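Please open the model in your viewer and keep the selection tool at hand. The tour below moves from one selection to the next and says what is there.

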Amino acid sequence: MAQPFVKKDDDDEEAEYSPFLGIEKGAVLQEARVFNDPQLDPRRCSQVITKLLYLLNQGETFTKVEATEVFFAVTKLFQSRDIGLRRMVYLMIKELSPCADEVIIVTSSLMKDMNSKTDMYRANAIRVLCRITDGTLLTQIERYLKQAIVDKNPVVASAALVSGIHILQTNPEIVKRWSNEVQEAVQSRAALVQFHALALLHQIRQNDRLAVSKLVTSLTRGSVRSPLAQCLLIRYTSQVIHESASNSQTGERPFFDYLESCLRHKAEMVILEAARAITELNGVTSRELTPAITVLQLFLSSSKPVLRFAAIRTLNKVAMTHPMAVTNCNIDMESLISDQNRSIATLAITTLLKTGNESSVDRLMKQITNFMSDIADEFKIVVVEAIRSLCLKFPLKYRSLMNFLSNILREEGGFEYKKAIIDSIVILIRDIPEAKESGLLHLCEFIEDCEFTYLSTQILHFLGIEGPKTSDPSKYIRYIYNRVHLENATVRASAVSTMAKFGAKVESLKPRIFVLLRRCLLDSDDEVRDRATLYLNTLGGHGSEVETDENMNEFLFGSLEVPLVNLETSLKNYEPSDESFDINSVPKEIKSQPLAEKKAPGKKPATGLAAPPSGPATTVDAYERLLSSIAEFSSFGKLFKSSAPVELTEAGTEYTVNVVKHIFDRHVVFQYNCTNTIPEVLLENVAVIVDSSDAEEFSEVASKPLPSLPYDSPGQTFVAFEKPDGVTAIGKFSNILKFIVKEVDPSTGEAEEDGVEDEYQLEDLEVVAADYILKVGVSNFRNAWESMGADYERVDEYGLGPRENLTEAVNAVINLLGMQPCEGTEVVPSNSRSHSCLLSGVYIGNVKVLVRLSFGIDGQRDVAMKLAVRSEDESVSDAIHEIVASG
Amino acid sequence: MELCPSVKNVLLLDSEGNRVAAKYYCDDWPTNSAKEAFEKAVFTKTQKTNARTEAEIAMIENNVVVYKFVQSLHFFVTGGEDENELILATVLQGFCDAVGLLLSTCSRGHVDRREALENLDLILMCLDEIVDGGIILETDPNVIAGKVASQSVDAGGPLSEQTISQALATAREHLTRSLLN
């Protein structure tokens, strides 16, 4: 690692030469012994330090012992008066970041340097000492630091100020005492001192809004000279504007004049900072935008790529919200399409696609076509996505845009790029009916020569859904059947399914489809043969009994209602018997995490356990089997939901217990999973005594104790409650674990005869409303919402009080309701002030429920929520509101 | 919210992408292999561009990277996604020109990988004078080079009486001798 050049020693010697060739850590550490010589040779010492720094810089690490040794050796070098060597010593100490008791060794040397006459010593000693020191030492040197801040040498002042910024993170109370000196430094004539002082002053006062506002007010009157400090001031100003905006919505925006005047500053960085600040103002008006856009437009034709990039990047953001404001720059942006820097060109194109009007689309597309051939895939994807949104904006232009997409589809490109194009075409087909036929044909042509199996199967699937609905479905058959000849098994199988869909939907094509499907019966792959046989049978191709249309459609086009993971586990658990596998028995609930019991697999078979020796249950249907095997619970009916295990003990206690809540229509069963973690004892007659006095609607009907609980083999005890039917009874239960303890002889493993009765307090357990709702997602929320109808819709508004942010509010409601968030709406974009969240679930009694939540947050962080519920049952819609109202 | 402009790293690579000197000021790349991976990404993405007359710019892993090439040396300065590009460019310019100034006076006039390695102490001091823990310390190349040069001579005479170029000449002699020993 330390010798990056060694491996290429055969190459050109001059180019490969390095003074560090063949350098080795061990040897350099040996060399460091020269630091201990009584007669120091500064040059030689500098040289060794450089080597050490080289090693560290190349990623080499020193062990603790090595670092300590080097550190102590380096401290000896303070004896030398050589400036260059001292500078290297400073660097080395910073790199070694010594620990507290080592710091003490160098403190006095550094403090001496801090008071030296040489400015370089002072500045560097301050930076080093502040870097390595902790709070205790700070009070000793505080006096010197305060002096240094107002030192007439700008290097010393900057060193102290920057160190102050770093120390503020760990010891704010000390740095806050320097306010006066820092304030004085803000007035410094040295540009960077002013910058550092302003940064520190703001950080000292950042939590005091009034003070920040005062600071901004006084400084914007024009005493700041340094461009960097000016940039800082612009940032502080826009922060003040942002915070005051919610209070005074009337009249002129405060400080806008200042921002505007910065657009005329002579330093480009200040102009850019100001222009960006203006474009990012909340609710910026087009009048306010104009001057900022004008300076950015000038930047677009700068000779400096960095400036062009900065300008186009800012304009690109503006175009998302105010496309009209940017149109003036269109001509300048068009010339950037041929920019050498591809990032600039791509940003220019995507901005143009946002600002362009309908008439300019064709011209633009022509320019982009030339550009596309010489940019990397990552940029092409950005362009494709921009074109997709442009097409949705101007549906009339679909022809040229679709042509463009199909042209680039034919060119070379990687998977991600092709996928982006396919996705765009599919979206256009869905949203623009006129584009369907041409789009489908483009896709057909693409699969004729597609190297990506994934894309081919996706397209075939899509063709099966959309193709039969077109005016002339037969023209697609050729493309699809060609796949059966030319592709791998996965694509062939997918083509077979697609053909079957055409057969099912288009009666006139059926006989021809049968011919094609029969040919597939001799395919070399069994999946392809199986599918062909299956479809021939369902569609009646074998002259066998034809299923009803509805069943067939459901079979071919319906979506799988159960999550695939659950289906997989159920199929694995299924034991071949007379009873055939029932898909309805597959739980529909999405398990977000594996059950905690997986952590404690039964190492030994649980002896003397009445419950089935299947060990820990891992899925909901395993729970169901477990419960139905217990006579007392077999009459409870179908299990509705099992909760995730709730821990009732803390980790590391003698007995660990968690509970799973099983909800039935009229009963609730608590399954206590107990583990005995003490090798010397055996527990017998283990039961949980439940006090349900805080849960009035529940009455205990059965309890099933655990006869014996040996060391480290988990066992279960159950308690069952009855509750009113159809009521989502909630309540709190307190639990005590009761058992008989018997000591075990470690040598024989035999338990003693006599035991002692004992109790163990467990934590409380709650049954909450979310326990009565299953997390069941829907794939298309809008469709589900529309088809549910508004008959039992209930809408109401709630105030959720002050919250940290919207994410917290959204999560709280989701957890309260225990429903499945749909379409990723549980994620709140950062800093957004409003959010919509879609939830779906199944309420006890198998009633589907859909919920639409709209959140808004105001300046005081108060969150308001609108809740709209649709369900198949009026009382369920009301119940959801009740949950929220009482939660 | 962090309002102070900050630099995430400053890199100096050779024309093959090997690290000559690098300084990281944030925890985005915690391990040396993460750092090397970032340097490789930066190097390959910028390799083919012509960043010789004017500094260039690219977005890499959601960071703004400004860069400039001088002979066989590739200079990079990285900042956060929302950082003012021109501030980063100023830092880059300071670094690039200061190194150029130091190398062209302290060595045989070449600004290349070999000279950079032979004068690595100057370059490390240079980095130390430009950014301190992510905060910009100085951006004027003359001031940076002057500080580094004045520090690398013996405290023989009062500094104010020496011009920078004199100082640099002494430094050059001092360093080439010491490193080639």
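Is A:Cys837 buried or exposed? With a relative accessibility of 0%, A:Cys837 counts as buried, where buried stands for under 20% relative accessible area, exposed for over 50% and partly exposed for what lies in between, computed with a 1.4 Å probe on protein chains only.

Before going on, note that this is a predicted model, in which local features need pLDDT of at least 70 and side-chain atom pairs count only at pLDDT 80 or more, while totals for chains, interfaces and linings use all residues. Residues are numbered from 1 along each chain as its sequence is written, chains are lettered from A and ligands numbered from 1 in the order in which they are written, and side-chain values use heavy atoms, with hydrogens and water left out.

**Cysteines**

Select A:Cys520 next, which is buried with a relative accessible area of 1%. If a disulfide is taken as a pair of cysteine sulfur atoms within 2.5 Å, the count over all chains is zero.

**Salt bridges**

Over all chains the structure holds 48 salt bridges, each being a side-chain nitrogen of Lys or Arg within 4 Å of a carboxyl oxygen of Asp or Glu. Select A:Arg127 together with B:Asp132, whose side chains meet in a salt bridge at 2.7 Å from N to O. This pair joins two chains, because A:Arg127 lies in helix H7 (residues 119–132) of chain A and B:Asp132 in strand S6 (residues 131–132) of chain B; helices (H or I, at least four residues) and strands (E, at least two) are DSSP runs numbered from the N terminus. A:Arg127 is buried at 5% relative accessible area, and B:Asp132 is buried at 4%. Widening the selection shows a network of salt bridges that links A:Arg87, A:Lys94, A:Arg127, A:Arg131, B:Asp128, B:Glu129, B:Asp132 and B:Lys147.

Now go to A:Lys317 and B:Asp82, which form a salt bridge with their closest N and O atoms 3.9 Å apart. A:Lys317 lies in helix H18 (residues 305–321) of chain A and B:Asp82 in the loop between strand S5 (73–79) and helix H2 (85–106) of chain B, so this pair joins two chains. Here A:Lys317 is partly exposed at 43% relative accessibility, and B:Asp82 is exposed at 57%.

Within chain A, select A:Lys742 and A:Glu684, whose side chains meet in a salt bridge at 2.9 Å from N to O. The pair links distant parts of the chain, with A:Lys742 in strand S9 (residues 731–743) and A:Glu684 in strand S5 (residues 681–694), 58 residues apart.

**Two helices**

Show helix H21 (residues 342–355) and helix H22 (residues 361–372) of chain A, which pack at an angle of about 160° with their axes 11 Å apart; the axes are lines fitted to C-alpha atoms over the stretch in contact, and angles run from 0 to 180 degrees between N-to-C directions.

**Last stop**

Finally, select B:Ile136, in strand S7 (residues 135–136) of chain B, which is buried at 1% relative accessible area. Leaving out residues up to four places away in sequence, B:Ile136 touches residues that include A:Phe195, A:Leu228, B:Val7 and B:Ile130. B:Ile136 and B:Cys4 are 132 residues apart in sequence and 9.4 Å apart in space, C-alpha to C-alpha.

Definitions and conventions:
Contact = heavy atoms within 4.5 Å.
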